[in-house]
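Subject: Structure handover

Hello,

Here is the structure for your files. My notes on it follow below.

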Amino acid sequence: MFVGNPPRPYFLDVDTGSDLTWIQCDAPCVSCTKGPHPWYKPTKSKIVQPEDSLCQEVQHSQNYLSCDSCQQCDYEIEYADHSSSMGVLARDEMQLMMSNGDRAQVDFVFGCAYDQQGQFLNSPAKTDGILGLSSAKVSFTSQLADQGVINNVVGHCISGGANGGGYMFFGDDFVPRWGMTWVPTQNGHMNLYRTQVQRVIYGSKQIDMGQNGGNAYVTVFDSGSTYSFFPHEIYSSLINSIDLSHSLIPDNSDPLLPLCWRDIPARSIGSVKQFFEPLSLHFQKKWRILPIALNIQPDDYLIINNKGNICLGILNGSEVHDGSTIILGDISLRGKMIVYDNVRQKVGWTRSDCTNPQKPRDFPFLF
């Protein structure tokens, strides 16, 4: 993103699980990240005041006590992995490239961060901050929609494979008119893209859902999470369902990824994916005969770690979020266009190679 005047570049982590966009600030710093670009330097006129409606929105969502005598709007965010960011809100302009080739200049409110903890302190960081894309009023997408720039829709397409890449779009210009699978989202105080998963199937075998039994599990689409997380019962059942009889040698030396396999000749996911089955999440449905399913191929849940081992990119979520939520991180969202429609309150997806966004074309009607 290009922020300020003159515009300066910042790399931001695309996070559909976050409300607030924040950038590392050049301010009296308690614990700062070392990102790829010089820190954002605010001026006094850019600092948001406590009476601003977006300030009140942010502080209300964080149960933050308001301060009548304060001259700035403080925020503090804690993430699911217990990382955190603290700072003040700022308002500045940024440039957007429109689909017709024009450039739009808009004002937006974001966090001017001066104290980061946890994973944000990894040095050197690949990003300068977080791009918050939840359904909250303060999210980047909602702010653009409130200014009449776009409809409140955001989409991303993360390429599969080792080369990565992909694209993101705001508004509904690039949403396909056909071929999308849609599920409704649930309103919640955390502004997350929440749905309900009724069944999890590995290959042709239904995974034991544990004590939840016939009840559905809350499922969150969270592009800011690298890995996916399953509740303990589903995670244990999945591991028990994976057939380990294919001469794959377990390797538990990775502190983050507990289930890995070594001594694989080709050192690639393509060489072993035939040993694994597709994973299918079946969502709750109303008045439908056919199931609504998100299919996750082995390519979309396996990962190669820095030792060259093949690892399961789905982790035990017992200590993440509330421990009973399925979190679909970006490893499981690869190779698909994912669309978050805040106007109609639904999330949709379709398979894609994620090379170039294309505007949908209407088919001619025959009379």
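In which sense do β9 and strand β10 pair, and over how many bridges? β9 and strand β10 (residues 166-170) pair in the antiparallel sense, over five bridges. Two strands are taken to pair if DSSP finds at least two bridges between them.

Before the rest, a note on the source. This is a predicted model, in which local features need pLDDT of at least 70 and side-chain atom pairs count only at pLDDT 80 or more, while totals for chains, interfaces and linings use all residues. Residues are numbered from 1 along each chain as its sequence is written, and side-chain values use heavy atoms, with hydrogens and water left out.

Overall

The protein chain has three helices and 25 strands. Helices (H or I, at least four residues) and strands (E, at least two) are DSSP runs, numbered from the N terminus. Of the 367 residues in the protein chain, 48% are buried. Buried means under 20% relative accessible area, exposed means over 50%, and partly exposed lies in between (1.4 Å probe, protein chains only). Among contacts in the protein chain with a separation of 6 or more, 66% come from residues 24 or more positions apart; a contact means heavy atoms within 4.5 Å.

Strand β9

Strand β9 covers residues 153-158, and five of its six residues are buried.

D115

D115 sits in strand β7 (residues 103-117). D115 is buried but has no salt bridge, and the nearest side chain of opposite charge, K34, is 12 Å away. For charge, Lys and Arg count as positive and Asp and Glu as negative, with His and the chain ends not counted. A salt bridge is a side-chain nitrogen of Lys or Arg within 4 Å of a carboxyl oxygen of Asp or Glu. The D115 side chain does make a polar contact with the side chain of Q117, at 3.0 Å. A polar contact is a pair of N or O atoms within 3.5 Å; within protein, one must be able to donate a hydrogen and the other to accept it, and residues adjacent in sequence count only if both atoms are side-chain atoms. Leaving out residues up to four places away in sequence, D115 touches V30, S31, S84, S85 and M86.

Salt bridges

Side chains of opposite charge can pair when their charged atoms come close. The structure holds eight salt bridges. One of them joins D92 and K46, with the closest N and O atoms 3.6 Å apart. This pair links distant parts of the chain, 46 residues apart: D92 is in strand β6 (residues 84-97) and K46 is in the loop between β4 (22-24) and α1 (53-61). D92 counts as buried because its relative accessibility is 7%, and K46 counts as partly exposed at 28%.

D146 and K137 also meet in a salt bridge (3.4 Å, N to O). D146 is exposed at 53% relative accessibility, and K137 is partly exposed at 44%.

R351 forms a salt bridge with D300, with the closest N and O atoms 3.2 Å apart. R351 is in strand β25 (residues 346-351), and D300 is in the loop between β19 (292-296) and β20 (302-304), 51 residues apart. R351 is exposed at 52%, whereas D300 is buried at 4%. Salt bridges that share partners join D300, K336 and R351 into one network.

Regards
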